[in-house]
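Here are a few exercises to work through with the model open. Try each task before reading its solution.

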Amino acid sequence: MGSYVITVPGTVRRPVEEAARRTLLAVVHGADPEEAGAQVPDLDVLTLDEPEGTFVLRLEVDAPDRNAAGEAALGLARRAFAAAGYEEGAVSVGTPVVTGIDVG
């Protein structure tokens, strides 16, 4: 079992309002939505390019291998956007990429 940093790219079909952003970050951090984003995290979790509608999520997941880590990250990304009020067709996620591994 190792800890993986997975980068998940994607697009959103409507703007990410501040309340939706807080909810999304709360899901990926497991934090109170009112406090999410209040402090600078060690990992820049969400990067948005609002005019283009693109995003990049950088997620830390524990998994037995890189394939399982990618699947876990995709599931987490989908749950986070769903919790933030985005229907299934409003967000497209790309292929997850392993950008860091800690197997120690």
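Contact here means heavy atoms within 4.5 Å. This is a predicted model, where local features need pLDDT of at least 70, side-chain atom pairs count only at pLDDT 80 or more, and totals for chains, interfaces and linings use all residues. Residues are numbered from 1 along each chain as its sequence is written, and side-chain values use heavy atoms, with hydrogens and water left out.

**Exercise 1.** Work out which residues of α1 meet which residues of α2, and how the axes cross.

*Solution.*
- Step 1: helices are DSSP runs (H or I, at least four residues), strands likewise (E, at least two), numbered from the N terminus.
- Step 2: from α1 (residues 18–29), pick T23, L24, V27 and V28; they meet L76, R79, A80, F81 and A83 in α2.
- Step 3: sort that contact by class and you get seven nonpolar, one polar and one charged residues. Ala, Val, Leu, Ile, Met, Phe, Trp, Tyr, Cys and Pro count as nonpolar, Asp, Glu, Lys and Arg as charged, and the others, Gly among them, as polar.
- Step 4: with axes as lines fitted to C-alpha atoms over the stretch in contact, and angles from 0 to 180 degrees between N-to-C directions, the two axes come within 8 Å and cross at roughly 145 degrees.

**Exercise 2.** Find T95 and say whether T95 is buried or exposed.

*Solution.*
- Step 1: look in the loop between β4 and β5 (97–102).
- Step 2: T95 has a relative accessible area of 62%, so T95 is exposed (over 50%; buried is under 20%, partly exposed in between; 1.4 Å probe, protein chains only).
- Step 3: leaving out residues up to four places away in sequence, T95 touches T7 and P9.
- Step 4: T95 and T7 sit 88 residues apart along the chain, with 8.6 Å between their C-alpha atoms.
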